[in-house]
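Subject: Structure for your review

Dear colleague,

Please find below the structure that I am handing over to you.

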Amino acid sequence: MADVVTTIEEPKIRPEWLLGGAVTLLGAIIIVVVTMVIGSGEDEPVVVPADATELTSGTCAEDLRQPHWVPDAVRHAVAECPADISAGIGRTTAEDHLGTWITYTLDGAENAETFRGEPGLAWPEEEVRSGAYHPASAITYVAYPGSGELSEELSGDNVTVESQDLPESGLEARVTRVDNNGFGPVRVEWTDDAGSYLLLATLGRTSTGTAGPTVTELIKIADSVAAEDK
Amino acid sequence: MPTTRTWLQAGGGTVVAALIIAAVVQAVNSTATWVSNDPVGECGNTSGGEVVAAQNVLWAGTGLKPVDGAWDSESEVATEAFQAYNGLPVSGCVDTSTWVTMRALAISLCDPEFECQGPDHRIRYAAPGGSREAYFAENDCDWGSYVQPGVARSPVASNKVIALSRDAVTEIECGG
(Lines give C-alpha, C1' and ligand atoms only; values in the text may rest on other atoms or scores of the structure.)
Protein backbone atom coordinates (compact mmCIF):
# COMPACT_ATOMS: atom_id res chain seq x y z
CA MET A 1 0.00 0.00 0.00
CA ALA A 2 1.46 3.22 -1.02
CA ASP A 3 1.90 5.86 1.61
CA VAL A 4 -0.21 8.96 1.20
CA VAL A 5 1.60 12.09 2.05
CA THR A 6 -0.52 15.12 2.61
CA THR A 7 1.26 18.37 2.53
CA ILE A 8 -0.49 21.29 4.13
CA GLU A 9 0.92 24.42 2.81
CA GLU A 10 1.22 26.92 5.60
CA PRO A 11 0.18 30.42 4.68
CA LYS A 12 3.15 32.52 3.99
CA ILE A 13 3.21 35.82 5.75
CA ARG A 14 5.66 37.99 4.15
CA PRO A 15 7.71 40.15 6.48
CA GLU A 16 6.92 43.24 4.43
CA TRP A 17 3.21 42.73 5.13
CA LEU A 18 3.89 42.66 8.84
CA LEU A 19 5.99 45.76 8.59
CA GLY A 20 3.35 47.57 6.53
CA GLY A 21 0.58 46.63 8.99
CA ALA A 22 2.60 47.76 11.96
CA VAL A 23 3.37 51.08 10.32
CA THR A 24 -0.30 51.56 9.41
CA LEU A 25 -1.42 50.72 12.94
CA LEU A 26 1.16 53.03 14.46
CA GLY A 27 0.09 55.82 12.14
CA ALA A 28 -3.54 55.36 13.11
CA ILE A 29 -2.68 55.46 16.81
CA ILE A 30 -0.64 58.62 16.32
CA ILE A 31 -3.52 60.30 14.47
CA VAL A 32 -6.01 59.36 17.19
CA VAL A 33 -3.73 60.53 20.02
CA VAL A 34 -2.85 63.80 18.32
CA THR A 35 -6.51 64.47 17.60
CA MET A 36 -7.42 63.82 21.24
CA VAL A 37 -4.64 66.04 22.57
CA ILE A 38 -5.58 68.91 20.28
CA GLY A 39 -9.25 68.45 21.08
CA SER A 40 -8.70 68.52 24.83
CA GLY A 41 -6.93 71.87 24.54
CA GLU A 42 -9.93 73.56 23.08
CA ASP A 43 -12.27 75.17 25.59
CA GLU A 44 -15.96 74.81 25.36
CA PRO A 45 -17.35 77.76 23.50
CA VAL A 46 -18.10 80.46 26.03
CA VAL A 47 -21.56 81.84 25.78
CA VAL A 48 -21.74 85.18 27.47
CA PRO A 49 -25.32 86.36 27.71
CA ALA A 50 -25.99 89.62 26.00
CA ASP A 51 -28.02 90.70 28.98
CA ALA A 52 -27.23 89.56 32.51
CA THR A 53 -30.91 89.14 33.28
CA GLU A 54 -30.79 85.99 31.17
CA LEU A 55 -28.82 84.39 33.99
CA THR A 56 -31.94 84.36 36.15
CA SER A 57 -34.48 83.49 33.49
CA GLY A 58 -36.74 80.71 34.64
CA THR A 59 -36.11 81.45 38.31
CA CYS A 60 -38.23 83.24 40.88
CA ALA A 61 -36.14 86.34 40.27
CA GLU A 62 -36.97 86.45 36.58
CA ASP A 63 -39.02 89.61 36.84
CA LEU A 64 -36.90 91.24 39.51
CA ARG A 65 -35.28 94.60 38.90
CA GLN A 66 -31.70 93.42 38.49
CA PRO A 67 -28.37 94.09 36.75
CA HIS A 68 -28.26 94.00 32.98
CA TRP A 69 -24.49 93.82 32.98
CA VAL A 70 -22.04 91.65 34.90
CA PRO A 71 -18.31 91.01 34.34
CA ASP A 72 -17.32 88.40 31.76
CA ALA A 73 -16.08 86.12 34.55
CA VAL A 74 -19.67 85.64 35.67
CA ARG A 75 -21.23 82.55 34.10
CA HIS A 76 -23.82 81.55 36.67
CA ALA A 77 -26.29 83.11 39.03
CA VAL A 78 -28.28 81.66 41.89
CA ALA A 79 -31.51 83.37 42.85
CA GLU A 80 -33.10 83.21 46.28
CA CYS A 81 -36.52 84.66 46.76
CA PRO A 82 -38.22 85.53 50.06
CA ALA A 83 -39.93 82.17 50.42
CA ASP A 84 -36.58 80.37 49.96
CA ILE A 85 -34.87 82.59 52.51
CA SER A 86 -37.64 82.26 55.05
CA ALA A 87 -37.54 78.50 54.70
CA GLY A 88 -33.76 78.51 55.07
CA ILE A 89 -33.91 80.36 58.36
CA GLY A 90 -36.23 77.71 59.71
CA ARG A 91 -38.71 80.12 61.23
CA THR A 92 -41.42 82.38 59.98
CA THR A 93 -40.18 85.73 58.86
CA ALA A 94 -42.06 88.63 57.35
CA GLU A 95 -41.72 87.51 53.74
CA ASP A 96 -43.31 90.73 52.53
CA HIS A 97 -40.25 92.61 53.67
CA LEU A 98 -37.50 90.16 52.78
CA GLY A 99 -35.18 91.03 49.95
CA THR A 100 -34.48 88.88 46.92
CA TRP A 101 -30.89 87.73 46.52
CA ILE A 102 -28.92 86.93 43.40
CA THR A 103 -25.46 85.45 43.84
CA TYR A 104 -23.20 85.73 40.81
CA THR A 105 -20.26 83.34 40.95
CA LEU A 106 -17.06 84.17 39.10
CA ASP A 107 -15.17 81.71 36.98
CA GLY A 108 -11.40 81.32 36.87
CA ALA A 109 -8.92 79.50 39.07
CA GLU A 110 -8.30 82.59 41.20
CA ASN A 111 -12.00 82.79 42.04
CA ALA A 112 -12.48 79.14 42.97
CA GLU A 113 -12.60 77.90 46.54
CA THR A 114 -9.31 76.32 47.59
CA PHE A 115 -10.24 74.85 50.95
CA ARG A 116 -9.17 71.24 51.40
CA GLY A 117 -11.03 69.95 54.39
CA GLU A 118 -11.76 72.10 57.40
CA PRO A 119 -9.30 74.67 58.76
CA GLY A 120 -6.74 73.18 61.09
CA LEU A 121 -3.16 72.16 61.45
CA ALA A 122 -3.31 70.33 58.10
CA TRP A 123 -3.26 73.73 56.45
CA PRO A 124 0.42 74.78 56.26
CA GLU A 125 0.85 78.11 58.00
CA GLU A 126 2.91 79.73 55.27
CA GLU A 127 0.29 78.84 52.67
CA VAL A 128 -2.50 80.15 54.89
CA ARG A 129 -0.63 83.42 55.40
CA SER A 130 -0.06 83.77 51.67
CA GLY A 131 -3.77 83.59 50.94
CA ALA A 132 -3.62 80.13 49.38
CA TYR A 133 -6.71 79.01 51.33
CA HIS A 134 -9.62 81.13 50.27
CA PRO A 135 -13.35 80.91 49.53
CA ALA A 136 -14.97 81.23 46.13
CA SER A 137 -15.47 84.74 44.81
CA ALA A 138 -18.99 85.92 44.25
CA ILE A 139 -20.98 89.09 43.81
CA THR A 140 -24.12 89.31 45.91
CA TYR A 141 -26.99 91.48 44.73
CA VAL A 142 -29.98 92.10 46.97
CA ALA A 143 -33.11 94.01 45.96
CA TYR A 144 -35.62 95.30 48.49
CA PRO A 145 -38.64 96.32 46.41
CA GLY A 146 -40.56 99.20 47.87
CA SER A 147 -37.86 100.25 50.28
CA GLY A 148 -36.43 103.74 50.32
CA GLU A 149 -33.61 103.35 52.81
CA LEU A 150 -30.08 102.08 52.93
CA SER A 151 -28.55 99.98 55.65
CA GLU A 152 -26.97 101.58 58.69
CA GLU A 153 -23.69 103.20 57.76
CA LEU A 154 -20.64 101.24 58.79
CA SER A 155 -17.77 102.90 60.61
CA GLY A 156 -14.25 101.96 61.61
CA ASP A 157 -10.64 102.95 61.14
CA ASN A 158 -10.35 100.82 58.02
CA VAL A 159 -13.71 101.92 56.57
CA THR A 160 -14.25 104.54 53.89
CA VAL A 161 -17.69 105.70 52.85
CA GLU A 162 -18.23 107.88 49.79
CA SER A 163 -20.90 108.77 47.29
CA GLN A 164 -20.42 107.73 43.72
CA ASP A 165 -22.41 108.80 40.68
CA LEU A 166 -24.02 106.15 38.53
CA PRO A 167 -23.64 107.96 35.20
CA GLU A 168 -26.00 105.90 33.05
CA SER A 169 -28.90 105.85 35.46
CA GLY A 170 -28.35 109.29 36.94
CA LEU A 171 -28.47 107.87 40.46
CA GLU A 172 -26.02 108.07 43.30
CA ALA A 173 -24.65 105.13 45.25
CA ARG A 174 -23.05 104.88 48.65
CA VAL A 175 -19.82 102.94 48.37
CA THR A 176 -18.50 101.45 51.60
CA ARG A 177 -15.06 99.96 51.49
CA VAL A 178 -13.32 98.07 54.24
CA ASP A 179 -9.92 98.93 52.87
CA ASN A 180 -7.32 96.49 54.15
CA ASN A 181 -4.31 97.44 52.04
CA GLY A 182 -6.47 97.51 48.94
CA PHE A 183 -8.38 94.33 49.75
CA GLY A 184 -11.54 93.59 51.68
CA PRO A 185 -15.32 93.84 51.34
CA VAL A 186 -16.99 96.49 49.20
CA ARG A 187 -20.66 97.43 49.56
CA VAL A 188 -22.46 99.49 46.93
CA GLU A 189 -25.93 100.63 48.01
CA TRP A 190 -28.46 102.87 46.34
CA THR A 191 -32.15 103.54 46.00
CA ASP A 192 -34.53 104.52 43.23
CA ASP A 193 -38.27 104.92 42.93
CA ALA A 194 -38.82 101.16 42.99
CA GLY A 195 -36.75 100.11 45.96
CA SER A 196 -33.32 99.93 47.52
CA TYR A 197 -30.43 97.75 46.42
CA LEU A 198 -27.13 96.36 47.62
CA LEU A 199 -24.12 94.84 45.94
CA LEU A 200 -21.46 93.11 48.03
CA ALA A 201 -18.20 91.54 46.97
CA THR A 202 -14.77 91.00 48.42
CA LEU A 203 -11.60 92.13 46.73
CA GLY A 204 -9.68 89.05 47.74
CA ARG A 205 -5.96 88.56 48.24
CA THR A 206 -4.74 85.17 47.09
CA SER A 207 -1.33 83.57 46.84
CA THR A 208 -1.31 84.24 43.11
CA GLY A 209 -2.76 87.73 43.05
CA THR A 210 -6.29 88.97 43.45
CA ALA A 211 -9.77 87.52 43.31
CA GLY A 212 -13.21 88.99 42.86
CA PRO A 213 -14.46 91.95 40.87
CA THR A 214 -13.05 95.47 40.89
CA VAL A 215 -14.83 98.44 42.42
CA THR A 216 -15.28 99.86 38.94
CA GLU A 217 -17.05 96.69 37.86
CA LEU A 218 -19.35 96.84 40.88
CA ILE A 219 -20.28 100.41 40.02
CA LYS A 220 -20.99 99.37 36.44
CA ILE A 221 -23.20 96.52 37.65
CA ALA A 222 -25.12 98.92 39.88
CA ASP A 223 -25.50 101.41 37.06
CA SER A 224 -26.90 98.73 34.77
CA VAL A 225 -29.88 97.96 36.99
CA ALA A 226 -31.72 101.02 35.74
CA ALA A 227 -30.10 100.88 32.31
CA GLU A 228 -33.29 100.13 30.43
CA ASP A 229 -35.40 102.70 32.21
CA LYS A 230 -34.51 105.38 29.70
CA MET B 1 -30.96 129.76 100.92
CA PRO B 2 -32.22 126.70 98.99
CA THR B 3 -34.93 124.81 100.72
CA THR B 4 -34.99 121.07 101.26
CA ARG B 5 -37.54 120.80 98.48
CA THR B 6 -35.19 122.57 96.07
CA TRP B 7 -32.36 120.19 96.99
CA LEU B 8 -34.65 117.22 96.44
CA GLN B 9 -35.74 118.56 93.06
CA ALA B 10 -32.14 119.18 92.03
CA GLY B 11 -31.10 115.72 93.18
CA GLY B 12 -33.98 114.06 91.40
CA GLY B 13 -33.22 115.97 88.21
CA THR B 14 -29.60 114.92 88.42
CA VAL B 15 -30.56 111.27 88.78
CA VAL B 16 -32.96 111.47 85.85
CA ALA B 17 -30.34 113.17 83.70
CA ALA B 18 -27.79 110.51 84.63
CA LEU B 19 -30.22 107.75 83.71
CA ILE B 20 -30.92 109.36 80.34
CA ILE B 21 -27.21 109.72 79.61
CA ALA B 22 -26.61 106.10 80.62
CA ALA B 23 -29.42 104.94 78.35
CA VAL B 24 -28.00 106.90 75.41
CA VAL B 25 -24.50 105.55 76.01
CA GLN B 26 -25.88 102.03 76.26
CA ALA B 27 -27.80 102.48 73.02
CA VAL B 28 -24.71 103.78 71.22
CA ASN B 29 -22.61 100.94 72.55
CA SER B 30 -25.13 98.31 71.59
CA THR B 31 -25.24 99.68 68.07
CA ALA B 32 -21.47 99.67 67.87
CA THR B 33 -20.98 96.35 69.60
CA TRP B 34 -20.56 94.48 66.39
CA VAL B 35 -17.72 96.66 65.19
CA SER B 36 -15.97 97.31 68.46
CA ASN B 37 -15.99 93.96 70.14
CA ASP B 38 -13.29 92.78 72.46
CA PRO B 39 -10.46 90.95 70.74
CA VAL B 40 -11.13 87.26 70.38
CA GLY B 41 -8.44 84.60 70.32
CA GLU B 42 -5.10 84.31 72.05
CA CYS B 43 -4.97 88.09 72.38
CA GLY B 44 -8.38 88.32 74.07
CA ASN B 45 -11.42 86.29 74.94
CA THR B 46 -11.21 82.58 74.35
CA SER B 47 -14.75 81.69 75.33
CA GLY B 48 -18.20 83.23 75.40
CA GLY B 49 -20.67 84.98 73.13
CA GLU B 50 -18.11 87.01 71.19
CA VAL B 51 -16.25 83.82 70.33
CA VAL B 52 -19.53 82.37 69.06
CA ALA B 53 -20.01 85.38 66.78
CA ALA B 54 -16.49 85.15 65.38
CA GLN B 55 -16.75 81.40 64.85
CA ASN B 56 -20.11 81.84 63.15
CA VAL B 57 -18.54 84.18 60.58
CA LEU B 58 -15.54 81.87 60.21
CA TRP B 59 -17.87 78.95 59.53
CA ALA B 60 -19.32 80.81 56.57
CA GLY B 61 -15.99 82.23 55.41
CA THR B 62 -13.73 79.22 55.86
CA GLY B 63 -15.84 76.19 56.77
CA LEU B 64 -14.77 76.18 60.45
CA LYS B 65 -16.77 73.69 62.51
CA PRO B 66 -18.07 73.38 65.12
CA VAL B 67 -19.26 76.71 66.49
CA ASP B 68 -19.12 76.09 70.23
CA GLY B 69 -17.88 79.32 71.79
CA ALA B 70 -14.49 77.82 72.72
CA TRP B 71 -11.43 79.16 70.93
CA ASP B 72 -9.03 76.54 69.62
CA SER B 73 -6.22 76.08 67.09
CA GLU B 74 -8.72 75.43 64.30
CA SER B 75 -10.39 78.77 65.02
CA GLU B 76 -7.02 80.46 64.86
CA VAL B 77 -6.11 78.91 61.50
CA ALA B 78 -9.53 79.89 60.16
CA THR B 79 -8.97 83.46 61.35
CA GLU B 80 -5.58 83.56 59.65
CA ALA B 81 -7.10 82.40 56.37
CA PHE B 82 -9.90 84.96 56.68
CA GLN B 83 -7.42 87.74 57.43
CA ALA B 84 -5.10 86.79 54.57
CA TYR B 85 -7.90 86.75 52.01
CA ASN B 86 -9.23 90.09 53.21
CA GLY B 87 -5.84 91.81 53.19
CA LEU B 88 -5.61 92.10 56.97
CA PRO B 89 -2.45 91.57 58.97
CA VAL B 90 -2.39 87.86 59.71
CA SER B 91 -2.39 87.41 63.47
CA GLY B 92 -4.97 84.74 64.13
CA CYS B 93 -6.63 87.17 66.54
CA VAL B 94 -10.02 88.72 65.79
CA ASP B 95 -9.09 92.32 66.50
CA THR B 96 -11.11 95.46 65.75
CA SER B 97 -10.15 95.60 62.06
CA THR B 98 -11.14 91.97 61.64
CA TRP B 99 -14.45 92.56 63.43
CA VAL B 100 -15.21 95.49 61.13
CA THR B 101 -14.36 93.40 58.09
CA MET B 102 -16.68 90.65 59.30
CA ARG B 103 -19.46 93.13 60.00
CA ALA B 104 -19.27 94.52 56.47
CA LEU B 105 -20.20 91.10 55.12
CA ALA B 106 -23.53 90.98 56.97
CA ILE B 107 -26.48 91.83 54.76
CA SER B 108 -29.92 92.68 56.04
CA LEU B 109 -32.51 90.08 55.13
CA CYS B 110 -35.36 92.57 55.46
CA ASP B 111 -35.60 95.89 53.74
CA PRO B 112 -33.66 98.42 55.79
CA GLU B 113 -36.71 100.43 56.83
CA PHE B 114 -38.50 97.43 58.30
CA GLU B 115 -37.45 95.81 61.53
CA CYS B 116 -38.03 92.13 61.05
CA GLN B 117 -37.36 90.10 64.14
CA GLY B 118 -35.20 87.16 64.93
CA PRO B 119 -32.33 86.41 62.55
CA ASP B 120 -32.34 89.44 60.27
CA HIS B 121 -28.81 89.57 58.86
CA ARG B 122 -26.89 86.99 56.93
CA ILE B 123 -23.35 86.32 55.76
CA ARG B 124 -23.36 84.02 52.79
CA TYR B 125 -20.47 82.45 50.91
CA ALA B 126 -20.94 80.50 47.72
CA ALA B 127 -19.37 77.08 48.10
CA PRO B 128 -19.03 74.00 45.92
CA GLY B 129 -22.41 72.33 45.91
CA GLY B 130 -24.22 75.10 47.76
CA SER B 131 -23.39 77.78 50.27
CA ARG B 132 -22.28 78.38 53.85
CA GLU B 133 -24.37 80.82 55.83
CA ALA B 134 -24.13 82.57 59.16
CA TYR B 135 -27.09 84.45 60.59
CA PHE B 136 -27.21 87.27 63.07
CA ALA B 137 -30.02 89.05 64.85
CA GLU B 138 -29.87 92.77 65.38
CA ASN B 139 -33.26 94.31 65.89
CA ASP B 140 -34.51 93.90 69.44
CA CYS B 141 -31.47 91.76 70.14
CA ASP B 142 -28.49 94.14 70.30
CA TRP B 143 -26.85 91.70 67.91
CA GLY B 144 -26.82 88.01 68.52
CA SER B 145 -25.49 85.00 66.66
CA TYR B 146 -27.84 82.49 65.09
CA VAL B 147 -26.05 79.29 64.21
CA GLN B 148 -27.32 76.73 61.77
CA PRO B 149 -27.99 73.10 62.67
CA GLY B 150 -25.02 70.86 61.93
CA VAL B 151 -22.63 73.68 62.72
CA ALA B 152 -23.41 74.45 66.37
CA ARG B 153 -22.15 72.30 69.21
CA SER B 154 -23.08 72.48 72.89
CA PRO B 155 -23.23 74.79 74.74
CA VAL B 156 -24.24 76.65 71.56
CA ALA B 157 -27.72 75.64 70.46
CA SER B 158 -28.66 75.92 66.81
CA ASN B 159 -31.53 78.14 65.72
CA LYS B 160 -31.29 80.15 68.94
CA VAL B 161 -30.06 83.70 69.31
CA ILE B 162 -26.82 83.75 71.29
CA ALA B 163 -25.90 87.07 72.91
CA LEU B 164 -22.91 88.77 71.31
CA SER B 165 -21.27 89.49 74.64
CA ARG B 166 -18.06 88.78 76.45
CA ASP B 167 -19.97 86.64 78.92
CA ALA B 168 -20.61 82.94 78.76
CA VAL B 169 -22.75 81.55 75.96
CA THR B 170 -26.23 82.86 76.68
CA GLU B 171 -29.41 82.51 74.72
CA ILE B 172 -31.54 85.61 74.44
CA GLU B 173 -35.09 86.12 73.35
CA CYS B 174 -35.80 88.54 70.56
CA GLY B 175 -39.02 90.46 70.27
CA GLY B 176 -41.75 88.74 68.32
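The notes that follow describe what was found, beginning with the contact between two chains and ending with individual elements.

Please bear in mind throughout that this is a predicted model.

**The interface of chain A and chain B**

How many residues of chain A are in contact with chain B? On the side of chain A there are 62 such residues, and they are in contact with 49 residues of chain B. The two chains bury about 4500 Å² between them, and 58% of this area is on carbon and sulfur atoms. Three residues, A:His97, A:Trp101 and A:Pro119, supply 13% of the area that chain A buries against chain B, which is more than any other three residues supply. As general background, the size of an interface is often given as the accessible area lost when the parts come together.

Several elements of chain A each supply at least two residues of the side that touches chain B, among them strand 1 (74-80), helix 2 (82-89) and strand 3 (138-145). Which element gives the largest share? It is strand 7 of chain A, with 8 residues. By type, the residues on this side of chain A divide into 27 nonpolar, 25 polar and 10 charged.

**Salt bridges between the chains**

The structure holds 12 salt bridges over all chains, and the count between chain A and chain B is 3. In one bridge between the chains, the side chains of A:Glu80 and B:Arg122 meet at 2.7 Å, N to O. These two residues also belong to a network of salt bridges that links A:Glu80, B:Arg122, B:Arg124 and B:Glu133.

In another, the side chains of B:Arg132 and A:Glu113 meet at 3.1 Å, N to O. This pair crosses from strand 3 (residues 130-137) of chain B, where B:Arg132 lies, to the loop between strand 2 and helix 3 of chain A, where A:Glu113 lies. Are the two partners buried or partly exposed? B:Arg132 is buried, because its relative accessible area is 8%, under the 20% cut-off. A:Glu113 counts as partly exposed because its relative accessibility is 22%.

A:Gly108 is found in the loop between strand 2 (100-106) and helix 3 (125-130) of chain A, and it counts as partly exposed at 36% relative accessibility. A:Gly108 and A:Gly131 are 23 residues apart in sequence, and their C-alpha atoms are 16 Å apart in space.

**Salt bridges within chain A**

A:Glu189 takes part in a salt bridge with A:Arg174, in which the closest N and O atoms are 3.0 Å apart. This pair links distant parts of the chain: A:Arg174 is in strand 5 (residues 171-178) and A:Glu189 is in strand 6, 15 residues apart. A:Arg174 is buried, with a relative accessible area of 12%, and A:Glu189 is buried at 3%. The side chain of A:Glu189 also meets that of A:Arg187 in a salt bridge of 3.5 Å, N to O. Both A:Glu189 and A:Arg187 are buried.

A:Thr176 is found in strand 5 of chain A and counts as buried at 2% relative accessibility. Leaving aside neighbours within four places in sequence, A:Thr176 is in contact with residues including A:Leu154, A:Val161, A:Arg187 and A:Glu189.

Helix 2 (residues 49-62) of chain B has 14 residues and reaches 19 Å from its first C-alpha to its last, close to the 20 Å expected at 1.5 Å a residue. How many of the residues of helix 2 of chain B are buried? The number is 14 of its 14 residues, and the helix is described as mostly covered. Just after helix 2 of chain B, B:Gly63 takes a positive phi of about 85°.

Helix 4 (residues 96-104) of chain B is largely enclosed by the rest of the structure, because 7 of its 9 residues are buried. Among the buried residues of helix 4 are B:Thr98, B:Trp99, B:Met102 and B:Arg103.

Yours sincerely

Notes: Residues are numbered from 1 along each chain as its sequence is written. Chains are lettered from A and ligands numbered from 1 in the order in which they are written. This is a predicted model: local features need pLDDT of at least 70, side-chain atom pairs count only at pLDDT 80 or more; totals for chains, interfaces and linings use all residues. Side-chain values use heavy atoms; hydrogens and water are left out. Helices (H or I, at least four residues) and strands (E, at least two) are DSSP runs, numbered from the N terminus. Buried means under 20% relative accessible area, exposed over 50%, partly exposed in between (1.4 Å probe, protein chains only). Contact means heavy atoms within 4.5 Å. Buried area is the accessible area (1.4 Å probe) that two parts lose on being put together, summed over both. A salt bridge is a side-chain nitrogen of Lys or Arg within 4 Å of a carboxyl oxygen of Asp or Glu. Ala, Val, Leu, Ile, Met, Phe, Trp, Tyr, Cys and Pro count as nonpolar, Asp, Glu, Lys and Arg as charged, and the others, Gly among them, as polar. The expected span of a helix is 1.5 Å times one less than its number of residues.
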